[in-house]
Amino acid sequence: MKYADVILPLPLDSGFTYRIPPDMERAVVTGCRVVVPFGKRRYYTAIVTEVHERAPEAAYELKEIFALLDAAPVLRRPQLRFWRWVVSYYLCALGDVYRAALPAGLKLESETTVACREDFEAEVPLRPNEQAVLDAFAGVMKLKVSDLEKKTGLRNVMPVITSLMARGAVTVGEELKKGFVPKKETFLRLAEDCREEGKLQAVFQALKRAKKQEMLLLAFLDLGRVLNPALAKEVSKRELSEQPDYAPSALEGLLKRGVLESYEKEASRLQIPVCRLQPLKPLTAAQEEAYAAVHESFKTRDVCLLHGVTSGGKTEIYVRMIDDVLRLGRRALYLLPEIAVTTQITERLAKLFGDRLLVFHSKFSDNERVEVWNKLLYGNEPLVVLGVRSALFLPFGDLGLVIVDEEHETSYKQQDPAPRYHARNAAIVLAGMHGAKTLLGSATPSIDSYYNATTGKYGLVELSVRYGDCLTPEIIPVDIKELKRKKIMKDTLFSPLLTQKTEAALKQGEQVILFQNRRGFAPLMECKACGWIPHCEHCDVSLTYHKAKNQLVCHYCGYTRYLPAQCPACENRELRMQGFGTEKIEEEATALFPAAKTERMDFDTARTRAAYEHILADFEKGKTQILIGTQMLSKGLDFGNVSTVGILNADSLMNIPDFRAHERAFQLIVQVSGRAGRRDKRGTVVLQTSQPAHPIVQAAVRSDYKGMVSLQLEERKLFRYPPYYRLIVMVLRSRDEKVLKDVSLLYADKLRVRLGERVLGPVTPVITRVQTLHIRHILLKIEITAAVAPIREILLSVHREMQEYPAVRQLLIHYDVDPA
């Protein structure tokens, strides 16, 4: 009897063992997918981690594998090793990693379906909710639970289904969801007996009276180059339908006559750009020097940090490095922090690498992501993958280089759900497992990476000259506190200098970027009379006003409500708005500069891939003159005609209760400033702040990165923060605030016994409740030289001890290692 150990896509700490049916014993291998029953009714796609003959001493009923999905493994062996490292370092479950790693199209799972019984007659009157559920079956006999919820509008339909089952009105079952389905495309070919010499002439003779069919046949022959076998190619029905002579009836006629035949073929969903490949651009002297220095660094170190100014041409160096790896027959991974940036970079790389480029991110459909996965898994050709953090989990074979662009970005850190990994750090480990090199790049590197580079752990290469020798932008701080005191900026967000610079840029046909790292219209609404502030029902935060929808929105859980006409506490009709977001800037910019087309790029306007691409394309083509946005704008975008950048409130970046707040503020200011004057003209940045003398503002004005790092490192060493210490935040959540408080105190005491003064807390975070759950944090500060494995053992040991207390079961607990 053979058994298989499997991973399930569930947040479980341990794997499970299943019996392999005799007819599958030879076919089931490590890395393949199997469908297994779990619980009373559910089915999941599991990944086989080991096949063996050891009968398990399981405390659960041993079940049999239901189905085998693959003839060959869908994972490469190094992937499972990488998954286990993520589990070990980031203190999460293997099922969490599996769920994050595999595209949804490769994960079949069952879903509950409800069938209505035709012969049911109610003996007693039905309740309104029960009647609504039965009415939803009009014209259909079976529905998924999710469809029933949509049709009825009921938030939780299961209790109603349970009562209808008791009455005998419905039955409930489980069905497997459909997974990846290969795309089929219809192609056309000349019938075999028409290919013979002289036969084609007879066909045209017969078509003399059917002019449309004759013209369409000519178009087909021309498209497929049928008369020249050396150049002949397949013709799809879609291609033929784009011809001016196409008519559906004409194609139908040719098929009926037996002149053409149709057949189906599996087609790729990946939109591989068809264009003439361009040669690599020659590097400037500064780029050539940096490129050679990176190669030299890789001789002695596996990781190199490329610290290059904004608009220094780091991308050209990346391209050259990728080309070197592809020439060696190996593969490269190019990571970017945001989907928005991939749009611009994709166009550049497609012109250089053509169909050797694959793009992978969450805005792609499940089927598209599965196709990228399969191409990497089953193909051996050298490829470059461009993607965001999730691309780390792809099945790479012979990975030669990993590039992490804008490596300082917080977007590389996964927050929720688990695994809460940092893509930059994970990329270094992944590259090490493949014997590959890692190149980190940024104009404002994270202090952690820069410290590692200056202490010799990483190589360090500096590129201090902008491409084309253009000057760095001039950053002009404007004291808005003084302007407001003098009533110069009474009812406006724009200082006179920003208005003047924007007008001048627009007159010269140049473009302007306005930055505010807060979306919505106003972050706070307040009653003028009694001070009432609308709060989220589920979170401990005030609601942000979004004027476009006239709604108050919670940016933590998505809760919405309409803006009340009057204060619900005192019935006063005057509600005052405090602060401002991108919507308000857009409204004021449109009023101040009516001749200019204004566009906004934030999470509200750029939720889809198409929306991102549309906004960026319009700005690049000059259709939009003013672009307003959040930190999306700071991430490596390249616009040649931007001469002015306005940062409307730098204080909101610095006044955050976080030890990295000043580092982040400096990075955002410098990165956003780098969008100005990127090609042949010096740009201007108007930096509005009430603290113009602040050390971070002054460092940004001077572009003094090293000065900022020196200042921050002194503080961090004193207060035991990274890069000198590793942080692990233990997050405890519960609906019962008292239970949470008591258990968190007990937990911290038990940890303190093992880890001493390394344990701080428990403390209540700034946002004390999110999605109805109260939150407490226990902070661990561990020496950077200490290994994570012993710490993990201590945490697991204390967790097991805590299970003796029944109250612990009311808590949700997770760990955040290296919080961003």
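**Cavity lining and aromatic contacts**

The largest cavity is lined by R76, P78, Q79, F82, L392, L394, F396, L430 and H434. The model examined here is a predicted one, and the structure contains one cavity of 30 Å³ or more. For the largest cavity, the computed volume is about 50 Å³. Two helices, α1 (77–90) and α14 (423–434), each contribute at least two residues to the lining of this cavity, and α1 provides the largest share, namely three residues.

In total, 18 aromatic pairs are found in the structure. One of the aromatic pairs is formed by W85 and Y89, whose rings are stacked, with a centre-to-centre distance of 5.3 Å and an angle of 10° between the planes. Because W85 and Y89 are four residues apart in helix α1, about one helical turn separates them. The two residues fall into separate accessibility classes under a limit of 20% for burial: W85, with a relative accessibility of 21%, counts as partly exposed, whereas Y89, with a relative accessibility of 14%, counts as buried.

An edge-to-face arrangement is formed by Y318 and Y334, with the ring centres 5.6 Å apart and the planes at 80° to one another. Since Y318 belongs to helix α11 (residues 314–327) and Y334 to strand β13 (residues 331–335), this pair ties together parts that are 16 residues apart in sequence. Y318 is buried, its relative accessible area being 0%, and for Y334, which is likewise buried, the relative accessible area is 0%.

Beyond individual pairs, F82, W85, Y89, Y90, F393 and Y421 form one aromatic cluster.

R189 is placed over the face of Y263, at a distance of 4.3 Å from the ring centre. In a further contact of this kind, the charged end of K781 is positioned over the ring of Y721, with a distance of 3.9 Å to the centre of that ring.

Note on methods: Residues are numbered from 1 along each chain as its sequence is written. This is a predicted model: local features need pLDDT of at least 70, side-chain atom pairs count only at pLDDT 80 or more; totals for chains, interfaces and linings use all residues. Side-chain values use heavy atoms; hydrogens and water are left out. On a 1 Å grid over the protein atoms alone, a cavity is a set of points where a 1.4 Å probe fits but cannot get out, and a pocket is an open set with protein on both sides within 12 Å along at least five of seven lines; lining residues have an atom within 4 Å of a point. Grid points are joined across faces, edges and corners, and a volume is the space filled by probe spheres set on the points. Rings of Phe, Tyr and Trp (its six-membered ring) pair if their centres lie within 6.5 Å; planes under 30 degrees apart count as stacked, over 60 as edge-to-face and the rest as tilted. Buried means under 20% relative accessible area, exposed over 50%, partly exposed in between (1.4 Å probe, protein chains only). A charge sits over a ring if NZ of Lys or CZ of Arg is within 6 Å of the ring centre and within 35 degrees of the ring normal.
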